[in-house]
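Please read the following report alongside the sequence and the coordinates.

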Amino acid sequence: MVIGQAIPKCKSMSDTALLVEFDAVISPQVNQQVRKLMTGLARKEMDGLVEIVPAYRSLLIHYNPCKISTGRLYEQVENVAENLAQIVMPKARKFYLPVCYDDTMGLDLAHVAKYHKLSADAVIAIHTSRDYLVYMIGFLAGMPYLGELPESIAIPRLAKPRTKISVGSVAIAGSQTGIYPLESPGGWRIIGRTPVDIYNPHQDPPTLLSSGDYVRFVPISLEQFEQVKKEIRDDDYQIRTEEVNHGD
């Protein structure tokens, strides 16, 4: 199966899971092929398809072998993969997420600035200067892997991960940026925090973001952070969103 420059490979992960892998690179183009394949398979509404999980360059397909055989699933994947160019993707969502870069929340902001010989304000300006593609959700429930981070502020992970990172922490590592949806250990550099809950197990769906969405970070003050938190508690906060074409 040849799709543009990518050659997806199928491998059985168990008697109920099939992995489809594209090129071994992280890029918007390869990730879009993953999402197109996911969209095409979902539109087929196959009996026995349990869940489709997209990642940077692969797609994990969970299925019920009592309802669809592995061979039949292979055929369906091949059929969709050979016709990716004809799949029209729905509009993508872009979320404008407020982030407070105050020193009390951006624990590593000063270090990132020093590492790149920049001011903290310059790091903030660079971090908030572009839209980030949500490549995948993983590691923690609802944690988005966003890219690509401008090279001018890219930085290695911490040598020793922290044992506890606050909910909503906005972080960077290598060429990625992301948001911690839960309190957890982690080794990314924390540069700010959003008051917006990106994961809530009591909502449907529980995750705010999905693969293929976009995020634009909007800087806010510490006072604005507290105000947004209050509005969220009072159920009086509306996240700014808009529809965009994939690749815009």
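## Basis and confidence

This is a predicted model, in which local features need pLDDT of at least 70 and side-chain atom pairs count only at pLDDT 80 or more, while totals for chains, interfaces and linings use all residues. Residues are numbered from 1 along each chain as its sequence is written, and side-chain values use heavy atoms, with hydrogens and water left out.

The average pLDDT of the protein is 94, and 96% of the residues score at least 70, pLDDT being the predictor's confidence in each residue, from 0 to 100. Over residues 1-5, however, pLDDT stays under 50, and for this stretch the model has 15 contacts beyond four places in sequence; contact means heavy atoms within 4.5 Å. Where pLDDT is low, the predicted coordinates should not be read in detail.

## Packing of α1 and α2

Two packed helices are described by the angle between their axes and the distance between the axes. Here helix α1, residues 28-44, packs with helix α2, residues 70-81, at an angle of about 125°, and their axes are 9 Å apart. The axes are lines fitted to C-alpha atoms, for helices over the stretch in contact, and angles run from 0 to 180 degrees between N-to-C directions. Helices (H or I, at least four residues) and strands (E, at least two) are DSSP runs, numbered from the N terminus.

The helices α1 and α2 are therefore oblique to each other, given that angles under 35 degrees count as roughly parallel, over 145 as roughly antiparallel, 65 to 115 as roughly perpendicular and the rest as oblique. The crossing in which α1 passes α2 is right-handed; a crossing is right-handed if the near helix is turned clockwise from the far one by less than a right angle, and left-handed if anticlockwise. On the α1 side, L37, G40, L41 and K44 meet Q76, V77, N79, V80 and A81 of α2. By class, this contact of α1 with α2 has 5 nonpolar, 3 polar and 1 charged residues, where Ala, Val, Leu, Ile, Met, Phe, Trp, Tyr, Cys and Pro count as nonpolar, Asp, Glu, Lys and Arg as charged, and the others, Gly among them, as polar.

## Backbone features in loops

Most residues other than glycine have a negative phi, and most peptide bonds are trans. E45, in the loop between α1 and β3 (49-54), has a positive phi near 50° without being a glycine. At 71% relative accessibility, E45 counts as exposed, on a scale where buried means under 20% relative accessible area, exposed over 50%, and partly exposed in between (1.4 Å probe, protein chains only). K117, which is not a glycine either, has a positive phi of about 55°; K117 is placed in the loop between α3 (109-115) and α4 and counts as exposed, at 80% relative accessibility.

The peptide bond from G147 to E148 is cis, with omega near -10°, and E148 lies in the loop between β7 (144-147) and β8 (162-165). D204 and P205 are likewise joined by a cis peptide bond, with omega about 0°, and P205 belongs to the loop between β12 (189-193) and β13 (214-220).

## Buried strand residues

C100 lies in strand β5 and is buried, with a relative accessibility of 1%. Beyond its neighbours within four places in sequence, C100 is in contact with M105, G192, R193, I220, S221, L222 and F225; the C-alpha atoms of C100 and L222 are 122 residues apart along the chain and separated by 6.1 Å. G192, in strand β12, is buried at 0% relative accessibility, and its contacts beyond four places in sequence include V99, C100, Y101 and M105. G192 and M105 are 87 residues apart in sequence and 5.1 Å apart in space, C-alpha to C-alpha.

Y96, placed in strand β5 (residues 92-100), is buried at 13% relative accessibility. Not counting residues up to four places away in sequence, Y96 touches R216, V218, I239, R240 and E242. Between Y96 and I239 the C-alpha separation is 6.9 Å, across 143 residues in sequence.
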